[in-house]
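Student: I have a model to go through, and I would like to ask what lies behind some of the terms used for it. Could you take a look with me?

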Amino acid sequence: MHPRPTAPAPRRGADAGRRSVTASAALLRVLLLGAVAAVTVWLAPVLVVQESWVGLTALVVGAGSLIAVYSTSRFVPAKYLLPGTLFLIALVVYPIVSTLQLSFTNFGDGKRGTKQEAISSIVGSSVEQLPDSPTYALTVATRGSLTEGPFSFFLVDTRTGEVSVGDAGGLEEADPGDVTVTDGRVSAADGWTLLTPRQVNDAGAAVQELTVPTGDGAIRAQGVARAFEGRTVLRHDEATDSIVDTRTGESFGIGVVGDSEFFVGPDGRPAFSQSWLQGVGLSNYERIVTDDTVSGAFLRVFAWTLAFAVLAVGLSFAVGLALAVVLDDRRIRGQRLYRSLLLLPYAIPSVIALLVWSNFYNRDFGLINELLGLRLDWLGDPWLAKAAVLLTSVWMGFPYMFVVCTGALQSIPGELREAAVMDGARAWTAFRRIVLPLLLVAVTPLLIASFAFNFNNFNAIELLTEGGPFPPDSPTAGSTDILISYTYRLAFGGSGAQFGFAAAVSALLFLVTAVLAAVQFRATRSLEDVN
């Protein structure tokens, strides 16, 4: 009889290792889920106070989903899909939806807050100092940003020495135990950050526009260290919903100017620059089409954007492919050295490269004019500026195309080219009929991605030409502006921010990019039959 085989004895070290890994994974999972729960508990009350119900719902659903999926060994597919889905919603879907919502409003300078906030600002800005107005030693404080606030005033009455604190919501007496007064001025306050005179200057209009309402008027800053209590010249008549000038009795009712409501005078024009956030429907989109100034600039900028994206990608691809084909010849010595040198432009940070190139194009002492003995105004002439942008984009983009094409060429079997040559095909014919179609199969998706990138290549325009030169009849749309830089100028330009209108342009930009990408992918279906 043969002896019965016995099972090998388990390895204690391996089992202990598995238990250790399992315990470590469980501990890590508990810590991460605990962090998710802690963040949820911390943020939920803040969102409730701000009445951000959409944010609160997203927070609860996201945190609940993470805890439900990762606290059990079930739902294995969801463990892989959930993180990507949450990031997709947070980083892609939510910004798109928010931009679309903003595009249907008049959000911008003078139109950011509610109607009540606009009324408070108009009335508060009409404070008039009288000869007998009380004065205060002022200390500006904040619990938020040193430049954006919100700010509050710590005030010491110069006559009585009483200490009070106030903001846009009103004035109240300060707790003596919470403040320290030195030389007639508040020098410390529990829970507050006190601004220095330099910081008050840096805060600028945010401090100067703050008014603290009182029973007889309001308190405003006078410089960086003093404040006064004056009389408000304007008041809001709730019965007629109008602003009344108490000196003249003149009344300013609500009227529509453009796409927004203002308090207007008898001539129908806005009596005050301040308005409030309102829904304007499709007004921003209609403006793109109907406003001759905007529509003309938009079409011109769109045409250049399309040309820039096509030429930048096409020229970069042509240069990169040509260099890749040349260096794909095994008879060339030092291939690795040449390839390394060609990658140098790709290794330089784009911001630094663009700033250096902008100096190269200087008319008086730029490197290009100095080397070629020219006096060309590269950045002052519209066509030369476009050529400069394209030249710089090709210099920065061809190394990427070179790397991509080199990898694609090396993946194509050499036997195919040899067979074509043996059949009598010339080198160019073999390349055009065999190599290029096979190469395009691999690189076409990357070309489409590069097109989308250059279609929105903000840095290449803003850092090189700043959109210029600007035609006299179009101060907001320069000769080299593409849609994204034009949108940026509309949103943050010197003529005043127009966030709602810029959001509408951004929505159209997104739609145009998506349509062009879809058309490009559809046009490349013919490559699916290439093997």
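Student: In which element is P150 placed?

Tutor: P150 sits in strand β3. Keep in mind that this is a predicted model.

Student: Which other residues are joined by a cis peptide bond, with omega about -5°?

Tutor: That bond joins G468 and P469. P469 belongs to the loop between α16 (458-462) and α17 (483-492).

Student: What makes the phi of D183 worth a remark?

Tutor: D183 is not a glycine, yet its phi is positive, at about 55°. D183 lies in the loop between β6 (179-182) and β7 (185-189).

Student: Which residues meet between α15 and α18?

Tutor: From α15 there are I448, F451, A452 and F455, and they meet L509, V512, T513, L516, A517, Q520 and F521 of α18. By class, this contact has 9 nonpolar residues, 2 polar and no charged.

Student: What makes α7 roughly perpendicular to α18?

Tutor: The axes of α7 (residues 283-290) and α18 cross at roughly 75° and come within 9 Å. Angles of 65 to 115 degrees count as roughly perpendicular, so that is the term for α7 and α18. N284, Y285, R287 and I288 of α7 make the contact with G500, F501, A504, V505, A507 and L508 of α18. These residues divide into 7 nonpolar, 2 polar and 1 charged.

Student: And why is α8 called oblique to α13?

Tutor: Helix α8 (residues 292-327) packs on helix α13 (residues 382-410) at an angle of about 45°, with the axes 6 Å apart. Roughly parallel needs an angle under 35 degrees and roughly perpendicular needs 65 to 115, so α8 is oblique to α13. Their crossing is right-handed, and the contact holds 21 nonpolar, 5 polar and 1 charged residues.

Student: Let us finish with the largest pocket. What is its volume, and how many residues line the pocket?

Tutor: The volume is about 1200 Å³, and 37 residues form the lining. E117, S121, A168, E209 and L210 lie nearest the centre of the pocket.

Student: Which element gives the largest share of that lining?

Tutor: That is α4, with 7 residues. The elements that give two or more residues are α4 (115-124), β3 (149-157), α6 (205-208), β9 (211-213) and β10 (218-222). By class, the lining has 14 nonpolar, 16 polar and 7 charged residues.

Notes: Residues are numbered from 1 along each chain as its sequence is written. This is a predicted model: local features need pLDDT of at least 70, side-chain atom pairs count only at pLDDT 80 or more; totals for chains, interfaces and linings use all residues. Side-chain values use heavy atoms; hydrogens and water are left out. On a 1 Å grid over the protein atoms alone, a cavity is a set of points where a 1.4 Å probe fits but cannot get out, and a pocket is an open set with protein on both sides within 12 Å along at least five of seven lines; lining residues have an atom within 4 Å of a point. Grid points are joined across faces, edges and corners, and a volume is the space filled by probe spheres set on the points. Helices (H or I, at least four residues) and strands (E, at least two) are DSSP runs, numbered from the N terminus. Ala, Val, Leu, Ile, Met, Phe, Trp, Tyr, Cys and Pro count as nonpolar, Asp, Glu, Lys and Arg as charged, and the others, Gly among them, as polar. Contact means heavy atoms within 4.5 Å. Axes are lines fitted to C-alpha atoms, for helices over the stretch in contact, and angles run from 0 to 180 degrees between N-to-C directions. Angles under 35 degrees count as roughly parallel, over 145 as roughly antiparallel, 65 to 115 as roughly perpendicular and the rest as oblique. A crossing is left-handed if the near helix is turned anticlockwise from the far one by less than a right angle, and right-handed if clockwise.
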